[in-house]
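This briefing describes selected features of one protein structure, grouped by topic. Please keep the sequence and the model at hand while reading.

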Amino acid sequence: MGQPGQMAGQSAEQAAGSSADKAPGDFSEQADDERSSQQLTRYQASFLGVFDTVTTMVGYSPDKDTFTAYAQELKTELEEYHQLYDIYNDYPGINNIKTINDNAGIRPVEVDVRIIDLLEEAVEMYEETGGRVNAAMGSVLSLWHEYRMEGIDDPEHAALPPMAELERLAEHTDMTKLKIDRKASTVYLEDPEMSLDVGAVAKGYATEMVCRSLEEDGLLHALVSVGGNTRAIGSKPDGSLWQVGIQNPDLDSEEKNLHIMELQDLSLVQSGTYQRYYTVDGVQYHHIIHPKLLMPWNEYVSVVILCPDSGLADALSTAVFNMEQEEGLEFIEDLDGVEAMWILPDGRELYSSGFLDHMEYE
């Protein structure tokens, strides 16, 4: 989540080492002279392409080879998740989300268990958020994506999708038509005009799963950012916390970060109207589509979610963005270990009860 060349949720330590100019898939590693009492050295790796964004990991390891192995594990596993959750491209020997969509109303598709896991998570989030996160909205989101891309490529002729067509497509977004058979490891869309779009959950879920894998393999101190979906593994070796900036939605401001958050074993995800949008007749239309209005909703310019699970944070950032302030605050307060911040169009900021506890104060 973020504008090209910027990383929403970029850490203060990553800011100087962002590698947007690196070739896709390349690693850029650097060691500091700074060592902890445990003789761990700080390294950094960055690469492009996975989930169409920049991935950066800052971590502490006993030597460069150990860190490089962790960085390669991160890259390899994220690439696998990217291919599985892709809705646009086919890959040899892989049945992915696109394969499921291509076979809507035709046949069940046998898939990797990681797709089953994601879609079950998506169903749970649909139910818990009252439909604010709906992975079955692929047809609606696809039409918006088409008009947005055309509007960006040809601004003079930018247009909005016809509401009549959006309403027709919305008739094919029923999550009960998504049939998951875990035993057979198949997924079937009963409605032939239905399609899945897992963009609200996939990147955060993949980030969480890979970070858990890295932890199981012994990584103790790292900060991973996948296009701004930021996940802290432990703290720094000296016990100090990782510092992660909340991006200023005003991209023209000299203040790039509104606040610095301090994280340990937490995830931070920021969604906003400034990230992907196009302009029609002087009005900006962003990419977060309200499932009932079928249009972008401008109650906020940004929402920040803080919680241990990056997948949950990713989904909640979309869900809460599509809730009224009072409803969203009540919803967040009812969740254990979850905090949120809302940035309003007039610049005001609202916080859940424990959000400020994680903010750095000079």
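The axes of helix H6 (residues 202–216) and helix H7 (residues 310–321) come within 6 Å and cross at roughly 165 degrees. H6 is therefore roughly antiparallel to H7, a label given to angles over 145 degrees, while those under 35 count as roughly parallel, 65 to 115 as roughly perpendicular and the rest as oblique. The model is predicted, so that local features need pLDDT of at least 70 and side-chain atom pairs count only at pLDDT 80 or more, whereas totals for chains, interfaces and linings use all residues. Residues are numbered from 1 along each chain as its sequence is written, and side-chain values use heavy atoms, with hydrogens and water left out.

**Terms for elements and angles**

- Helices (H or I, at least four residues) and strands (E, at least two) are DSSP runs, numbered from the N terminus.
- Axes are lines fitted to C-alpha atoms, for helices over the stretch in contact, and angles run from 0 to 180 degrees between N-to-C directions.

**Helix H6 and its packing against H7**

- Two packed helices are described by the angle between their axes and the distance between the axes.
- The crossing of H6 and H7 is right-handed; this term applies if the near helix is turned clockwise from the far one by less than a right angle, and left-handed applies if anticlockwise.
- On the H6 side, Ala202, Lys203, Gly204, Tyr205, Thr207 and Glu208 meet Ser310, Gly311 and Asp314 of H7, where contact means heavy atoms within 4.5 Å.
- H6 has 15 residues and spans 21 Å from its first C-alpha to its last, close to the 21 Å expected at 1.5 Å a residue; the expected span is 1.5 Å times one less than the number of residues.
- Of the 15 residues of H6, 11 are buried, and the helix is mostly covered; buried means under 20% relative accessible area, exposed over 50%, and partly exposed in between (1.4 Å probe, protein chains only).
- Among the buried residues of H6 are Lys203, Glu208, Val210, Cys211, Ser213 and Leu214.
- Gly218, which follows H6, has a positive phi near 110 degrees.

**The eight-strand sheet**

- Eight strands form an open sheet in the order S1-S2-S6-S7-S10-S13-S14-S15, with antiparallel pairing; two strands pair if DSSP finds at least two bridges between them.
- S1 and strand S15 (349–351) stand at the edges with a single partner strand each, so one side of each is left without a neighbour in the sheet.
- On average, neighbouring strands of this sheet are turned by 10 degrees against each other, direction ignored.
- S2 is joined to strand S6 (residues 222–226) by five bridges, and the two run antiparallel; Thr56 stands opposite Ser225 in S6.
- H6 packs on the sheet and touches S2, S6, strand S7 (229–233) and strand S10 (267–272), its direction making about 20 degrees with that of S7.
- H7 also packs on the sheet, touching S7, S10, strand S13 (302–307) and strand S14 (339–343), and its direction makes about 150 degrees with that of S13.

- All eight residues of strand S1 (residues 41–48) are buried, so S1 is largely enclosed by the rest of the structure.
- In a regular strand the side chains alternate between the two faces of the sheet.
- Thr41, Tyr43, Ala45 and Phe47 point one way from S1, Arg42, Gln44, Ser46 and Leu48 point the other way, and all are buried.
- Eight bridges join S1 to strand S2 (residues 54–61), and the two strands run antiparallel; the bridge partner of Tyr43 in S2 is Gly59.
- Five residues lie between S1 and S2 in this hairpin, and Gly49 in the turn has a positive phi of about 105 degrees.
- Ala45, in S1, is buried at 2% relative accessibility; its C-alpha atom is separated by 6.5 Å from that of Ala71, 26 residues apart along the chain.
- Ser61, in S2, is buried with a relative accessible area of 1%.
- Apart from neighbours within four places in sequence, Ser61 is in contact with Leu40, Thr41, Tyr43, Thr66, Phe67 and Tyr70.

- Most residues other than glycine have a negative phi.
- Asp52 has a positive phi near 55 degrees; it lies in the loop between S1 and S2 and is exposed, with a relative accessible area of 70%.
- Asp281 has a positive phi of about 50 degrees; it lies in the loop between strand S11 (277–280) and strand S12 (283–286) and is exposed, with a relative accessible area of 77%.
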